[in-house]
Amino acid sequence: MLLAVAELLGMSLWFSGNAVASILQARWQLTGEQVGWLTTMVQLGFVAGAAITALLNLADIVPAKYLFAAAAILGALGNAWLAIASGYAPALVSRFVAGFCLAGVYPPAMKMAATWFRARRGLAVGTVVGALTVGKAGPYLVHAIPNIGAAPVVLTASASALVAAVIVLAGYRDGPYPFAPRPFSWGLVSSVIRNREWRLASGGYFGHMLELYSFWTWIPAFVAASLTAQTGNAVAATSPEASLLAFGVIAVGGPACVWGGLVSDRIGRERLVTWAMAASGTCAVLIGLTFGRSLWLLVPVALIWGFFVIADSAQFSVLVTESVPPHAVGTALTIQTSFGFLLTTFSIQSVPPVVRAVGWSLAFPMLAIGPILGIWSIRALTAHRAR
């Protein structure tokens with residue numbers, strides 16, 4: 001529970017820039033692609049942070065709670081820079097720094113949680129991922145306060161991260177099932193990539209990631225554009241109504257991850273991720289039909305999508321750890337995570353050109369390509385293991 005609370009607070013840094021994107025867009029006259037880069041830079045920063053952490057073997061050299069706390073504090077400071085940024089370029093640097101530091105918040109917390117469980121680790125990791133999902137939605141809830149500006153939203157996220165650091169420093173200790181050191185190794189890269197099970201397990205994860213962050217990044221803009229089309233009145237993506245709905249659509253992923261952990265421990269990870277990707281991919285196709293129509297149509301589809309798009313997330317990491325020998329787990333996870341987050345930068349930036357070309361009603365169905373490819377890969381993994 002302590003780690004879940006810390007993750008909820010610490011991960012509020014991730015979408016603090018996205019939550020105030022419309023304000024920054026109006027302030028600096030940004031294009032849709034430039035708005036997308038406010039999230040894309042977080043993704044790139046996270047990849048860089050994860051790679052450097054792995055190469056320096058920090059997760060095994062520095063006790064997990066100190067790595068978490070230091071990263072949360074530095075991330076809070078980097079994020080706070082966005083509140084006083086004088087232009088677009090400093091804002092991008094702020095987002096990169098926040099993402100870089102979050103690489104020391106997210107993975108260590110998953111590892112710390114797993115040290116307390118030998119059985120039902122799927123549930124334990126799913127609970128942590130659920131907490132961080134709600135945390136990512138937090139800035140939207142703050143922005144739902146009427147007439148609040150960008151700075152309070154950003155600084156609230158930074159304050160939350162500082163509290164997370166204090167919680168972990170003061171209250172966390174490793175559980176009874178610590179992991180043996182599993183450092184990244186360049187020498188293992190080729191053997192991991194040649195491993196068919198790893199490629200298939202990672203293929204499912206890559207399909208999942210192609211959809212996930214693009215959905216999270218652009219659903220607030222979709223909701224605002226839909227409200228505008230329905231009412232005829234211009235609605236900003238950071239209006240209280242759109243922000244509150246964006247919070248709900250992302251935060252519903254919190255209980256979804258707990259559900260995913262429970263179900264995967266009972267029926268198996270492969271079946272759980274297949275079900276979740278089938279449901280989320282269907283929602284990606286259907287949500288365009290709700291554009292400009294009543295919220296009674298849009299909200300249920302968006303909430304169901306928000307539930308299933310993340311319900312399987314934690315289980316992909318477990319699938320990868322099961323696909324390689326124990327001494328290669330660190331390298332396998334590093335490669336998987338780095339490639340997965342790099343893919344999100346392409347899917348995030350692909351949405352604005354599609355919106356300009358064909359409109360919002362046809363912008364999201366292309367994201368269903370991710371779940372389709374992911375399901376194919378996981379089905380192939382299941383067949384391979386059954387031989």
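Helices (H or I, at least four residues) and strands (E, at least two) are DSSP runs, numbered here from the N terminus. The model is predicted: local features need pLDDT of at least 70, side-chain atom pairs count only at pLDDT 80 or more, and totals for chains, interfaces and linings use all residues. Residues are numbered from 1 along each chain as its sequence is written, and side-chain values use heavy atoms, with hydrogens and water left out.

**Whole chain**

Along the principal axes, the C-alpha trace spans about 60 × 45 × 35 Å. Of the 387 residues, 57% count as buried (under 20% relative accessible area, with exposed over 50% and partly exposed in between; 1.4 Å probe, protein chains only).

Contact means heavy atoms within 4.5 Å. Among contacts in the chain with a separation of 6 or more, 85% are between residues 24 or more positions apart.

**The core**

Next, select W14, F68, Y213, W216, W305, W360 and F364. These have the most contacts inside the largest nonpolar core, a set of 120 residues. Such a core consists of buried Ala, Val, Leu, Ile, Met, Phe, Trp, Tyr and Cys residues joined through side-chain atoms within 4.5 Å. Helix α12 (residues 196–231) gives the most to this core, with 18 residues.

Centre on W216. Beyond its neighbours within four places in sequence, W216 is in contact with F15, N18, T133, K136, Y140, I250, V309 and I310.

**The loop at F291**

Move to F291, in the loop between α15 (269–286) and α16 (295–311). F291 is partly exposed, with a relative accessible area of 22%. Show F222, A225, S226, A229, W360 and S361: F291 is in contact with these, leaving aside its neighbours within four places in sequence. For S226, the C-alpha to C-alpha distance from F291 is 5.1 Å, at 65 residues apart in sequence. W360 was also selected above, among the residues with the most contacts inside the largest nonpolar core.

**The loop at T31**

Finish at T31, in the loop between α3 (21–28) and α4 (32–55). The relative accessible area of T31 is 40%, so T31 is partly exposed.
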